[in-house]
Each structure stands twice: as C-alpha cells, then as structure tokens.
Amino acid sequence: MLINCVAYQEGRKLCDIPIEEISEYVKHPDCFVWVALRDAEPAELAVMQHEFGLHELAVEDARVGHQRPKIEEYGDSLFAVVHTVELVDGELNVGEVDVFVGENYVLSARNRSQQGFLGVRARCEHEPHLLKQGSAFVLYALMDNIVDRYFPIVDALEVELEKIEERIFEADSPRANMKHLYGLKHQLMVMRHAVEPLIEAIHKLYGGRVPPVCQGTQEYFRDVYDHLLRVSQQLDGLRDMVITALSVNLSMITLAENEVTKRLAAYAALVAVPTMIAGIYGMNFKHMPELDWTLGYPLSIAAMAAIDAYLFVKFRRTGWL
Amino acid sequence: MLINCVAYQEGRKLCDIPIEEISEYVKHPDCFVWVALRDAEPAELAVMQHEFGLHELAVEDARVGHQRPKIEEYGDSLFAVVHTVELVDGELNVGEVDVFVGENYVLSARNRSQQGFLGVRARCEHEPHLLKQGSAFVLYALMDNIVDRYFPIVDALEVELEKIEERIFEADSPRANMKHLYGLKHQLMVMRHAVEPLIEAIHKLYGGRVPPVCQGTQEYFRDVYDHLLRVSQQLDGLRDMVITALSVNLSMITLAENEVTKRLAAYAALVAVPTMIAGIYGMNFKHMPELDWTLGYPLSIAAMAAIDAYLFVKFRRTGWL
Amino acid sequence: MLINCVAYQEGRKLCDIPIEEISEYVKHPDCFVWVALRDAEPAELAVMQHEFGLHELAVEDARVGHQRPKIEEYGDSLFAVVHTVELVDGELNVGEVDVFVGENYVLSARNRSQQGFLGVRARCEHEPHLLKQGSAFVLYALMDNIVDRYFPIVDALEVELEKIEERIFEADSPRANMKHLYGLKHQLMVMRHAVEPLIEAIHKLYGGRVPPVCQGTQEYFRDVYDHLLRVSQQLDGLRDMVITALSVNLSMITLAENEVTKRLAAYAALVAVPTMIAGIYGMNFKHMPELDWTLGYPLSIAAMAAIDAYLFVKFRRTGWL
Amino acid sequence: MLINCVAYQEGRKLCDIPIEEISEYVKHPDCFVWVALRDAEPAELAVMQHEFGLHELAVEDARVGHQRPKIEEYGDSLFAVVHTVELVDGELNVGEVDVFVGENYVLSARNRSQQGFLGVRARCEHEPHLLKQGSAFVLYALMDNIVDRYFPIVDALEVELEKIEERIFEADSPRANMKHLYGLKHQLMVMRHAVEPLIEAIHKLYGGRVPPVCQGTQEYFRDVYDHLLRVSQQLDGLRDMVITALSVNLSMITLAENEVTKRLAAYAALVAVPTMIAGIYGMNFKHMPELDWTLGYPLSIAAMAAIDAYLFVKFRRTGWL
Amino acid sequence: MLINCVAYQEGRKLCDIPIEEISEYVKHPDCFVWVALRDAEPAELAVMQHEFGLHELAVEDARVGHQRPKIEEYGDSLFAVVHTVELVDGELNVGEVDVFVGENYVLSARNRSQQGFLGVRARCEHEPHLLKQGSAFVLYALMDNIVDRYFPIVDALEVELEKIEERIFEADSPRANMKHLYGLKHQLMVMRHAVEPLIEAIHKLYGGRVPPVCQGTQEYFRDVYDHLLRVSQQLDGLRDMVITALSVNLSMITLAENEVTKRLAAYAALVAVPTMIAGIYGMNFKHMPELDWTLGYPLSIAAMAAIDAYLFVKFRRTGWL
C-alpha cells in the first residue's frame, strides 16, 4: 500500500508525485524522491524495482521478508533492513522496515508494524537545512526514529525484572517467577536479535570505507550507532541479571524446602512427644503407681502440655516455627 | 554413481555428454560442464580427477568424506564441502556435498543424503541469463538450495522446544523433558557444526580477496552468507533457551519436591493428631472421668474428626493440600 | 549553573571572564578558556554552543544526558562523556560529566553528581608547567580524577563480598546473603557500564591515530587507560567470585537441608523407639510375664531411657545431632 | 637414542649415514638429512645442535620438554613441538615430538610416546615425487600422522560419553556417572591443550607470511590445519555435552529424591492409618459398642486392610508407588 | 634500600659504583649500569629519577605501587611492571618488580617480595657472551626468572585440586571441600591477574614493532611469552576443573541427601511396623482369640522381629541401608 510519494529539492518539499513520474524526478541531480510503502504487495515492489532500478536480490529479500537487520551495498545504492519492536499486551511484536537508498531516492517499505513514519517525514520537512543533505539523512532519520523506540521497551523489560526480583526475595510464587523470567529471557533474545546485527551493519556507515551515498553524514550514523550500543549494553546487563535471578530463584526454592522441612519436624515433635507419653501410661503393668493417683490423668495431660509449650518456645527461638 | 553430465554454452544446455568427452568440452572457453555424482566410488572420482585435473588433496578429502564444511582454493579452482541436513523420524541425518569448481566446470558429489539437486539444475536451465555467469553461479545455486533447506529444520527444532517448554511449566514428566532437552541440545550442536564453519568459509567468496572464479557473483554469495547468519542466530537463540529450560526444569523438580513434602506433612498431621488423642484415652489411669461418660467415645471420635476438618481446611488455604 | 569561567595563558590563570567574552579569548592562539557547569540548563548549553561553536549532536547528547561513556571527535574538537560513581548509603549513585574540548577551550558540564572538580582546577593551577600543555591536559586531569575515585568504590565492593563470604561459610542467613550477592552483582554491572566503554574510548587518545588536540599528551591518557584496566580487572575478578559465591551459597543451603533432615531423623528415632516399647507393653495379651513383675514398669522406662541414651551417643558420633 | 639417520636426494633415499657426517651432507643444496631420535639424552641433543647449528633456546626447550605445542621460527629454520596422545588403559598418555626443520634437514625427537614414525618414513620413501619437496614435506608428513591419530581418541571419548548418557537417563549409579563425566572433562581438557595451540601455530605455515622453508607446501599444511579444526570442533561439542550431562545428572538425582520421598510417604501412610485405627480401639471408654461385637476384631482388621488396599491402589495410580 | 649498583662493559662486570656516579657511566656508549633496589623509599626513587632521567609518570607508578603487570614505552626507554608470586603458608603473596630499562641502564625495584634476584645477576655475570647484549638481556633474565617461579605455584594449586577431588568423590566433608574450592578459585584469579596482562605486554617485545632497546633479543622474549602461555593454559584448565568440581560437589551433596532420606525411611519402617502390630494387640475388643493364647505374646514379638528382619534384608539389598 502506497503511503507517500514526494519529491524534494534543496531540502524542501516540491510536490506529491504519481508513481510513474518517479523515474523522471530521479534524473534531476538536485532532486530526490522519498516513497513510503506499507505491507507492500509483490506487484508494488515490482513497479518500484522498475522505477528506481533496484537490484533483484534486494527486492527479493524485501518480498520474502523475515530478514536479519542488515545494510548491504548494491553498487552505489544501499539496502537496509531494520526491525521495529512494539510491546503489545506484554508481547513483543517484531516488524520490519526495508529501506532502499540511492543518490536521489529513498524507498521505505514497512511490514507487520503499527509504527508509522509520518512524524519522521514531518520533522524532516521542518528542518530543510538538514534534509538538503539528501537521501542519507532520510535513512538516518528513519533509523534514529526506530532505534529511539527501542529504549522504552528495554525500560519496560527492566521494570518487569524489578517486579520479579521483589517477588523472588519475598519467596512469593516461585513457579510464576520462573515462568516470567523465562519469558523475559526470550524477549531479551528477540530484542538482541533486532539490535546486535544492526550495530555491526551501521558501523560500516561511519567508520572505515563509508558508502558514497553516506559521505558527509557519518556523524549522524555514529549517533545512531551510539544509541544502539546503549540499548545493547542495557540488554546485556538485563540478560546477565535474569540468569542470576533464575539461579537465585532456585536457591530460594531450596531454602523454602529447608524451612518446610524444619516446620514439619517441629510440628511432628509437638504431636509425637505426647503420643509417646500417652503410650507409656497405656502400658498394662500391674504396678504403675501414677495410674492410681487421683490427679494422675490431669497431671499427665499437664506434663504433655508443658513439654509441648517448652518445645514450641524452643522451636520459635531457633526459627523452626 | 553418475547422475548427470551436461555441457552448457552461454547459459543454455548444449547436450548430455559422455564422461570421456569432458576434457574436450572443458577446453572451450565459452562452455562449461556440470557433472553430478552420488555416493561416488573411488574409481569414479579417479576418472573425474583425470578429466578435470583436480588436486590430489581435494580428491582425497572427497574420497574419505566426513569433512568439515569448508571452501578451499587450489590454484584457480575451488573445492567446497557443504553439509546437507535432513530430519528423518526426529533424527538429524547429516550428508555431505563436495563441489569442485573450475573456470568452466562444476562437479558435485553428494554422499549419504536423500536430497537431490535436479530441481537446482532445472531452475538454472530456466534462467539462462543467470546461468551464463558460469560455474560460480552453479556453486551459488547449490549452496543456496542446501542452506534454504536448513530453515524448516531449525523451525522444527523451535517447535519441539516450545512443546517441551509447555510441559515443563505444567511440571509434566520432568524426566522426559530432560531427555528431550538433552537430545535437542545435541541436534543444535549438529546443526551448528554444519552452519558455523560454512559461514566463515563463504565469507571469503564475497569479501576481501575474492577467488577469481567467483568474481562478479559476490552479491549472490553475500546472500547465502546472510541466510546462514540468520540460521546461526536462530540456533544460538535456541541453544540459549535450551540451557535455560534445563535449569528451569531443575527448579521445577525442586519445587515439586517442596510440594510433595508439604502434602506429605499435611497428611501425616491428619493421621498423627487422632492417633495422639486415641493414645491419651488409651491410658490406664484410674481416674479419667471422660472414660465413664456414655458419650465419651462418640465425642472423642467427633473431636478427632473436628480437629482433622479444621486442619484440612487450614492446609488447603495455605496451599499445602 | 555556572561554576567557573577562567582564561589561562601559558599555563597560568589570566582572570575570571564573563561568559560573553569567551569567544574573544578563544581567538587568542596562546590562551585557553576553561568553563565548568553544573546541572546545566538547556539555555546555558545554548549560550555555550554559540560561544564555542559546538556541534549540534554533541550538545543534544549533553542536554538529554544518560549517555554511555564515550569520546567522539567532531572535526578538531572532542566530546567526552564520563560517568562519576559515588557510594551513598550503600547505593551507587551514577552521575555524568560531559566535556567539550577544543584547541583552546575546555567546557565541562557535570550532572547528578556531588563530586566537584575545584580540586582538579586548583592542582592544575599549581602546576603551570603541566597546564601549559593546554586543553588536553585539563581533559586528562578531569578524567584522572574521576577514574581515581573508582578505586575506593571497587575496594568497598570487595570488602562487602568478603563479609558475605564469611557469612556463607558459617551458613549464616543464606537468604540475606543471596540478596546481598544479587545486589552486589547489580552494582558490579553498574560499575562495569561506567568503565568498559571508557576503556575502549580512551584507547583512541593514545594509540593509533591520535586526535590532533591530544598530540603530545598521549602518555597521560595511557596512564588513565592503565588505571581503567586495573579497575576493570578487579571488577571482572569480583564478578567471577560473586557468581561462584552464589553457587556456593546454594550448595550450603542444600547441605543445611541434609543436616536438618539428619537431625530430624535422629530426634524422631529418640521418640519413636520408646513409643514402640510402650506400645508393646500396652498389648492386652493374657500371658505377659513382665506385666506382673513389681519392677516391670521402672525397668521398661529404664530400658527406654537406656536405648535413647545409646542412640543419642551414636547419633552424636556420626554427626547427626 | 638414535633411531635413524638418513640422507635423501631428489626424494630418494641415498643412504644411512653416521652422525658425524651429517654436517657434510647438509652442505649439498640438493640433499636433505632426516634424523629421528627417541627420548634423546642431553648429550645427543648437543651433538645434533652442533651438526645442524640449532638455536640454543630451541635445543633447551627440547631438552627440558613439557612445552606447549608451537611452531617457532629461528632465522631460516623452524622448531615445532607437537603432542602425541595415546589412550592406554582408559588414561590419556601425552607425549611430545620436537621437530627441527631447516632448508635441508629434519630432526625429530620423540619423548614419552609409544608411537613410532617408521611408517611415516616408509610412506615418504614410497612417494619420491612428494618427498622431493624437501624437509617441509617431512614436517607435514609427521604432523599429519600425529593429528590423524587424534581422531580415534576423540571417537573413543565420544563413545564413552554415550555410555554415560545412557546410564544417566536410566538413573543408574549417579555417583559413578559423575565421576566418569568429571574424568571425561579432564581428558577433553588434555586433548584440547594438545590441539588448540597447534591450530594457531600451524595457521602461520600456510596463511599470511609463510616461513621460507614451507613455501610451496602450504596446501599440505592447510590440510593438517583443517583436520585439527575438525578435532577441535568435536572436542568443543563433547565438552558442551559433558557440561550439560553433568547438570542433567544433578536433575536426575533431585528427581530420584522426589521419588524416594513420595514412596516413603506412601509406605508411611500404609502403616500410620492402621496404627491410628488400632489406637482408637485401644481407648478405654466404658461405652464402645464395637468392642463387644463378636466380629469387632476381625472387622477392624478387615477395615484396616481395606483402607490400605484402597490407598495402595490410589498411590499406584498417581505413581507414588 | 639499595641492593646493588654495578657497571658492566662488554658483558663483564666493571665495578660496583656509588650512586652519584651513575650518570657518568651511563654516558659511555659501551657501558651499562644495573641497579637493584628493594622496597625503595620515595627519596631513593627521586635520586634514581634524576640519575637516569626517568619519566615522571613511570616513577609515580613505581612509588604508588599496586600496578597491573605492564610494559610501557617512554621515548627510548621501557618501564615494566611484573608481579612476583610466592606461596607462603598456603596463601599467595603477590609482590611487584618495577624495571626501568634504557639503552645503557637497568633499574629494578622490588616490593613486598621475599624473592631476590642475586641469582639472576650471578647467572648473567657467568655468561658474558649473553650479557653483552645489554640491558634488554637483563630485562629478559629478570622476567624469565620471575615467570619460571610461577610454575611450581601452579603445580601446587594443581595438587591441591587433586586432593579436593578425591575427597569430593568420597563424599567426605563437603563443606570444607567447598571452602577449599572457593579459596582455590580465588588463588587462580590472583595468578591470572599476574599472568594475563603480562602476556599481552610481552607480546609487544618480540612481534610487530619492537621497541629499539629490545631489537636483537626478540627470541628471548618470545621464549618468556611462550612460558607465560603455558602457565596461562594450565590456569585456564584448573579454573575450568574447579568450576566443574564445585558443581560436582553440589551433586554429591544432593546425592548424600537422597541416601540419608532412604536410610531414614528404612529405619522408620523398622520401628513403625512393630508399633502398628503392638497397637493392634492393644485394642480392647472382647473377642480377640490371640490374646488368650499362652504363646500369644512371644509369638507377636516373634512376628515383629521376623517382619523387621525381612525388611532389613530387603532394604540392604536395594541399598537403602
């Protein structure tokens, strides 16, 4: 589905143009065309391939989807795949944005994602002194926008972990904690799969041999790179703490078992000792003087109660009860 | 066993040729010969070595088999070893394809694998504009085909893990879960041994100094490389989750023990308390007024029942029963 | 908030200057201006950006804050982000110092930190032969000061670990140990996030292509680098030991369980055996000679006591009690 | 102990020569001398050092022994240390082969190893077209032979692991499994110490700057390198599985404990319930109608039996028995 | 404290010289001065700094101490920090040797270490043909001596581990084993902190761009490097086994618990079954024929004994007792 198709000159919007005129505008050296697609059909991609002269393998990647984040050079043009991540009902929803960048065009095709980029376009059009740097700046603006949306998600995962940590140390619902930690670990993996390959890819846009189309905008891509490193560092830290939390949870479970065993032992003692005493006075010896005492029965009961009271206090003190 | 032996010119099939004419056709600069063997005998390999002038060490590797995936240069020719992986009755079956590539020949020898490459040949013959890029394109087409067949296997392993995860959190059959997780870990290792060395090897076909025979087809090999990275990333993620699942399973087992202990303690209490009461009324004191009551017996039984009912409710509430 | 704004010439303080004259002094080739801000407002940063001609992206990073430690080149100037770490009530408080360094200016903006740098300025002014090396030396002095403050914190964490270790091996309060170890692991992660990126960044100031502004002061930055490596090594060691301590703690908990179980079993035996004997003499057989003995009752009690005494000694010896 | 001392010309054996003539033959540019020592005495090494002009440090390494696998250049000559590994009575026996290689000599000194290299010499002498490549080919042949003997050992370790795996999942002898896994881990470490350093060392004989004496035989060393990578990969895989097996074994032990606890609880119930009933009918109430029934006793016994039978069936069904 | 101050010419000792003449001798191109200090005072270092013209930062490092092992270039001179390790009463004592090396001087300052280097000096003076290579050879001799003293320590740690292993598999004193393993892990960390940074540092003295003062002695430093790699490999292996041993110890503890539980259950059964029988014959039913038998009592006791004997044998066979 076509969202926008606009020509720009000197960083200012010229006009919306029909698709078939794209190849006209692309010829002007001081113009560039910025097209945005959403969940594009193969047919739409085929048209774009023809208008912009895109490379077959890149278009096939965009058609098939489910690529790793990457940035590939095809001659003078770039093909970038970036993952969008949204947190929907506690689940991570991973979308994909494919961006084709040439000297004077940008084609972005967004898939399986609710996030739009109209805000990016608006911001770019309000800053013509930046936008006139051309298509590479648009690529930067798109990436910067996507990467900046990673932060609140990582923060949400961090909050989630803090909640679980609290429950772990209160020995509360260890089974659920384990399930949540496992789920969290999975989500961190999804995030990392979005972030790590992109770090490597974007590095090539500002260090070493920079693709011609990105010459002069290196500092912008270094900025995105730096943000990605920050996300990555947070993810690594979270991952490390999740693993530790899993092992702490196991320790807490074992510890809880210790305490159950102790309590069980204490209560068993409280029952067993009177039973033993009752057993003794249930013996059938002829000569058991206590049995004939008038107060024998109440005294025996009192003895049982006294011993239990003593044991109870002792167990309390040693923390078994 | 010889499967095919075909000469191509300008990307179009010329004709099936007998083995002994191979060396004739190989001399034509605009021709190339594509031979496919299956579970080749040493004698067949010896003939091929003679016809194509293959290097001794490469032929020995193909004869012995069980090589790591690799791509080696011998002068102007390449020798590639790629592992095929098939999922047969839940077991991974690893085969091996050895490909010898020269300026104008391709010899593929497939071993211990059910997968054929007739489809690859058919696809190539239908796209002469691609096939005319020569033997390197055939190498690409073979590799691409093998690598693409990795994806459904990794997906199957992923589904397998999800099934086990479910059973783990339902605390269902922990012993079987462990066995399956162990088996899964082993299969991931097998897959990784097929994938990781190939990533490294294929990198050399498109980056840095590219072997002469692959000049001009780098973008195709980069595409295979990218697919392999995707498989590798999935495998790494799976491996990480399997390890976590193993540790979660241990925690669930320990947790189950806690619960057994608690339940055991609760039931023990339900029996021990009446036993204690019965013991008390089994004492032989002369003066035990309750014993003379007409309702003494039913009251004592009622007391036992009442206490047990109270305990039962209490245990239920604290989750011990 | 402006803390200082001073012009220096030949390593000696010239005078405090008003902000609006900065751009004057910056023009003198033999002068440099050193400005210190604290929790700067956006407006203040805007003024500084104008006076020093700072790069937009660097100023935005300083405005937004919460950057990773890093050192970036913008043309001839440097932008450095360093984390300050303070230990306040057992919690790590992470602040941030942003330093802009040009040929003849240094602007440091400190955020969320109690640590001041007046001492650094005083030390520099007392050593004009060093300060005359210019703005790079000021950057060194600031970094050196911040990094040197890492050591007491790492030492404090080390002491903390030693305390926990002791408690672990005394099997004392395993739950609290676990909580402290977890907290310690988290603090190590915070420290590492301050240290690791800085190591990588500072390496570029003395090895390989050194930024022009740091030419001639490489040995100083190597010194800071070396200190950071020391901190990093200590952190790595601590982290490794914390992980081991967590696992040892689990083992100690399991071991404690063993001992509880053994003690429980021993006490149970001490009660169960007399109960069994009492049960035997509570049987109603007609012909039980012992029952008619005058000393039957005391003898049976004595037997119970003797057996328990025997068991008690035996349990003590095998360490069950 | 001297094993052999032979001069070769053009790949063909010239004659056995006495040690003192070595320095004569070494002067001929088209000759090379191949000497084999076994558990050489310092005096023998001193003679060799003099005859071949070996470097002091290399000779000292050979004299002291217990070196890491390595390949060092001393001027135009090479000094290689390779570990031999033999499986003797289930124990790994590590020997050492020191090889000095010059333009026209090879000196191999084997220590603490039963493996001889007469087979290597015989094979070389049967292939003069290969042997005429000179001393580097002999180095290759020795290394290839040693490395090829690693495979059956790794396979034996793999078989060992499979046996232990089986016993683990049958919950058979967990203590012995642990001991075997620990021992296996140790053996893998020994193997890895033989293999890993050699990989790194041998890489330098075919990639990058190749030592002059190995020019023209790179493809042979790449072959050895490739075999080593295969061994290394197998070792890594084994190591990974051993670690997992250790953790699975722990889980199986914990699981076994669960089952013991359950069974214990079930049997305890089978005894405790009749005891309770007996206790009730042992009470001394005046008015207990059942006690007067003629069938009271058999009925009570029947009730006990019936309850136990019911419990037994129930426990069986839930898997506690 | 000054230990020695000697001038050498052509590898031969010239004479002991007073400190104030050092700067004289240093001017002779064919002389070099070798000074050894022990636990030097700041004042002594200041004198040396003046005599040799040492760099401020290097001297400060030596004064402050507690540096990482490192080798730094200051212009034409080197500053090396190496850790000495001694095993005193089972504790590792880490000392520090700071070595300043210039074209014609060596200054070694040893701190917190009992190890002297008189032996090194003696050995050097006995081999003038080596010593005449100058100050770099002295640096080598010192390093070689320190590094060679690492080996017996690592061997001692290995022996320690073997002792603990034995106790683990005999399930002997698991608490002490854990403590020793933890301590061992800590000692390995200390050793590693001495070894790892030095490996990296020393690599620069023989590979790539070698500092001018070390030209011609690369092979000696490669030898030290190689020894360090050997130590490092041993340390890595030990560390790996310690971690495994810790986890095996946990498994052994869990296993011991299993056995305690089983034994406990068995003994409980031996007591509970007679108690139940006694309870049955303690019931007050009017019609219990056994009670009237003359042999009732001995028969019941016999039955109890018989059942216990049967159970005892059965438990023995299944290994519960």
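**Figure 1. Contact between chain D and chain E.** In this predicted model, 51 residues of chain D touch 47 residues of chain E. The size of an interface is often given as the accessible area lost when the parts come together. Between chain D and chain E, about 4,400 Å² is buried, and carbon and sulfur atoms give 62% of this area. D:Arg175, D:Tyr182 and D:Tyr297 supply 19% of the area that chain D buries against chain E, more than any other three residues.

**Figure 2. Relation of chain D to chain E.** Two copies of a chain are related by a rotation about an axis and a shift along it. Here chain D is superposed on chain E by a rotation of 72° with 0.1 Å of shift along the axis, at an RMSD of 0.1 Å. This is the relation of a five-fold axis. The C-alpha of D:Gly282 is the one in chain D nearest the axis, at 4.7 Å. Only 18% of the interface residues of chain D are also interface residues in chain E, so the two copies meet through different surfaces.

**Figure 3. Packing of helices α7 and α8 in chain C.** Helix α7 (residues 150-169) and helix α8 (residues 174-203) of chain C pack at an angle of about 160°, and their axes are 11 Å apart. That angle makes α7(C) roughly antiparallel to α8(C). The crossing of α7(C) past α8(C) is left-handed. Residues of α7(C) in the contact include C:Tyr150, C:Leu157 and C:Arg167, while those of α8(C) include C:Asn177, C:Leu184 and C:Val195. By class, this contact of α7(C) with α8(C) has 13 nonpolar, three polar and two charged residues.

Technical notes: Residues numbered from 1 in each chain as written. Chains lettered and ligands numbered in written order. Predicted model: local features only at pLDDT ≥ 70, side-chain atom pairs only at ≥ 80, totals over all residues. Heavy atoms only, no water. Axes fitted to C-alpha atoms, helices over the stretch in contact; angles between N-to-C directions. Helix = DSSP H or I, 4+ residues; strand = E, 2+ residues; numbered from the N terminus. Parallel < 35°, antiparallel > 145°, perpendicular 65-115°, else oblique. Left-handed = near helix turned anticlockwise from the far one by under 90°. Contact = heavy atoms within 4.5 Å. Nonpolar A, V, L, I, M, F, W, Y, C, P; charged D, E, K, R; others polar. Least-squares fit on C-alpha atoms with pLDDT ≥ 70 in both. Buried area = accessible area lost by both parts, 1.4 Å probe.
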